[in-house]
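Let's take a friendly walk through this protein, one topic at a time. Please have the sequence and the structure open.

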Amino acid sequence: MSARIFSPAKTAMQSGKARTGNWVLEFDPEKPRKIDPLMGYTTSGDMKSQIRLSFETREEAIAYAEKQGLAFRVEEPKETKRRQISYSDNFRYDRRTPWTH
């Protein structure tokens with residue numbers, strides 16, 4: 001049984017960074033998913049895929065995995081690259097593309 005520890009990124013529907021500082025421990029799937037022939041639903045007999053544990057820090061998540069004897073991997077969060085743009089740049093006279101209305 002193995003698990004992954006990661007810090008979730010903000011969703012596309014979020015404008016702020018709420019709920020992005022915590023760390024999550026999820027178990028890797030042990031059985032492949034299969035399609036139910038009658039209804040077409042995707043099912044799995046793996047109950048551990050439903051478990052999602054949240055921790056305040058990365059160290060707490062690692063300590064829990066070690067205490068439980070879980071094989072784990074830590075996925076570091078990616079740094080966000082923010083461009084600093086100015087509203088007044090939309091109206092510069094030397095724009096590369098002409099401003100249209």
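Is Glu-26 buried or exposed? Glu-26 counts as buried, at 18% relative accessibility (buried is under 20% relative accessible area, exposed over 50% and partly exposed in between, with a 1.4 Å probe and protein chains only).

## About the model

This is a predicted model, in which local features need pLDDT of at least 70 and side-chain atom pairs count only at pLDDT 80 or more, while totals for chains, interfaces and linings use all residues. Residues are numbered from 1 along each chain as its sequence is written, and side-chain values use heavy atoms, leaving out hydrogens and water.

## Salt bridges

Side chains of opposite charge can pair when their charged atoms come close. Here the count is six salt bridges (a side-chain nitrogen of Lys or Arg within 4 Å of a carboxyl oxygen of Asp or Glu).

One of them joins Arg-4 to Glu-26, with the closest N and O atoms 3.4 Å apart. This pair links distant parts of the chain, since Arg-4 sits in strand β1 (residues 2-6) and Glu-26 in strand β2 (residues 23-27), 22 residues apart (strands are DSSP runs of E, at least two residues, numbered from the N terminus). Arg-4 is partly exposed, at 23%.

## Around Arg-73

Arg-73 forms a salt bridge with Asp-28, at 2.8 Å between the closest N and O atoms. Arg-73 lies in strand β6 (residues 71-75) and Asp-28 in the loop between β2 and β3, so the pair ties together parts 45 residues apart in sequence. Asp-28 is buried, with a relative accessible area of 18%, whereas Arg-73 is partly exposed at 39%.

Glu-75 also forms a salt bridge with Arg-73, at 3.5 Å. A network of salt bridges links Arg-4, Glu-26, Asp-28, Arg-52, Arg-73 and Glu-75.

Terms used. Helices (H or I, at least four residues) and strands (E, at least two) are DSSP runs, numbered from the N terminus.
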